[in-house]
Amino acid sequence: LFLLCTSLAQAAAPTVLQRPIDLDTGQGVLHGSLLLPQQATPPPVVLIIAGSGPTDMDGNNPMMKNNSLKFLAEGLAQKGIASLRFDKRGIAGSAAAGKEESKLRFEDYVNDVTGWIDFLAKDKRFTGITVAGHSEGSLIGMLACQSRPKVKSFISIAGAGSPAYEIIEKQVAAQMMPESIRKEVADINRSLRNGKEVAQVPAYLQALFRPSVQPYLISWYKYNPQTVIASLKMPVLILQGKNDIQVKEEDAMLLKKASPKAELVLIDKMNHVLKDCESINPQQQMAVYNNPSLPVNAALINAIAEFIKKNK
């Protein structure tokens, strides 16, 4: 009986092919990976966008390895959903497409995603395209979807609900910085929001506002996730983990308020790297952040699969 059940389970699970994919952006080649379930009917496909920092297509960076996006793609493939994920420009397999920091703009990441969408739109193997952005990838994905009507639906996974400058100021305040420093940060942000670089930045704020990163911040500060998500015409799903210590439930609520028709799913125990964590204690969280063997939350995979199939 055990052998029979095992055989039936293996027969029911779709065979998955993994193919390396490259995209020439005209400003460098991006490296991606396509997971394609082999089944009788054409599958829908989801474009998965990684979050902030030097994060690769698997959800890893030099400081942590958790394989979160790799496991997400594999879990969706078992549900009959194809996926394309990619290394951001300047990262891992897309390192050669990197730009000097002073020349990088937020729109570069958005344009890369629109390039991948156009790539998928030409592939007749898929019934429809969904875009799913994790963390900072949420805003990038929203902006890309604005100009790509062939996208059937959009998914925000742990996406911020406030503009970047507000997030930075809250983070500074949370570190119990003196009022004088908080005011300096707010003053610099005010100038950058108006498109003006700040020549004189104190040494203790160089990491945040060094001259070479200011043009990128100016390009990033222009976008409010609430305004952008409200502009989307396709079905939207907002997913947020209840034990996420980087992006909070209030962010998901802000996005939902801006897009009342969007579906909102809050997931018990899930943290920012899409895995279960019993506590919001930073030490326990970091142990999960750096565990590449833990699976991603099953409810997350189920919610995404159900939403995609409903809107394919």
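Now select Cys 277. Cys 277 is buried too, with a relative accessible area of 4%. The model holds zero disulfides, counting pairs of cysteine sulfur atoms within 2.5 Å.

A word on the model. It is predicted, so local features need pLDDT of at least 70 and side-chain atom pairs count only at pLDDT 80 or more, while totals for chains, interfaces and linings use all residues. Residues are numbered from 1 along each chain as its sequence is written, and side-chain values use heavy atoms, with hydrogens and water left out.

**Helix H5**

Select 164-174, which is helix H5 (helices are DSSP runs of H or I, at least four residues, numbered from the N terminus). Colour Ala 164, Tyr 165, Ile 168 and Val 172: these are buried. They lie on the same side of H5, because they cover an arc of only 100° around the axis (taken from the directions from the helix axis to the C-beta atoms). In an α-helix, residues three or four places apart point the same way, since there are 3.6 residues a turn.

What do the buried residues of H5 pack against? Show helix H6 (179-193), H7 and helix H8 (214-221): the buried residues of H5 pack against these, with contact meaning heavy atoms within 4.5 Å. Then step to Met 176, after H5. Its phi is positive, near 60°.

**The second largest pocket**

Select Ile 168, Gln 171, Val 172, Gln 175, Met 177, Ile 181, Tyr 204, Leu 205, Ala 207 and Leu 208 to see the lining of the second largest pocket. On a 1 Å grid over the protein atoms alone, a pocket is an open set of points with protein on both sides within 12 Å along at least five of seven lines; a cavity is a set where a 1.4 Å probe fits but cannot get out, and lining residues have an atom within 4 Å of a point. The pocket holds about 210 Å³. H5 gives the most to its lining, with three residues. Helix H7 (206-209) supplies at least two.

**The largest cavity**

Finish with Ile 49, Phe 86, Lys 88, Arg 89, Tyr 109, Asp 112, Val 113 and Ile 140, which line the largest cavity. Its volume is about 40 Å³, the space filled by probe spheres set on grid points joined across faces, edges and corners. Helix H3 (residues 106-121) gives the most to this lining, with three residues.

Terms used:
Buried means under 20% relative accessible area, exposed over 50%, partly exposed in between (1.4 Å probe, protein chains only).
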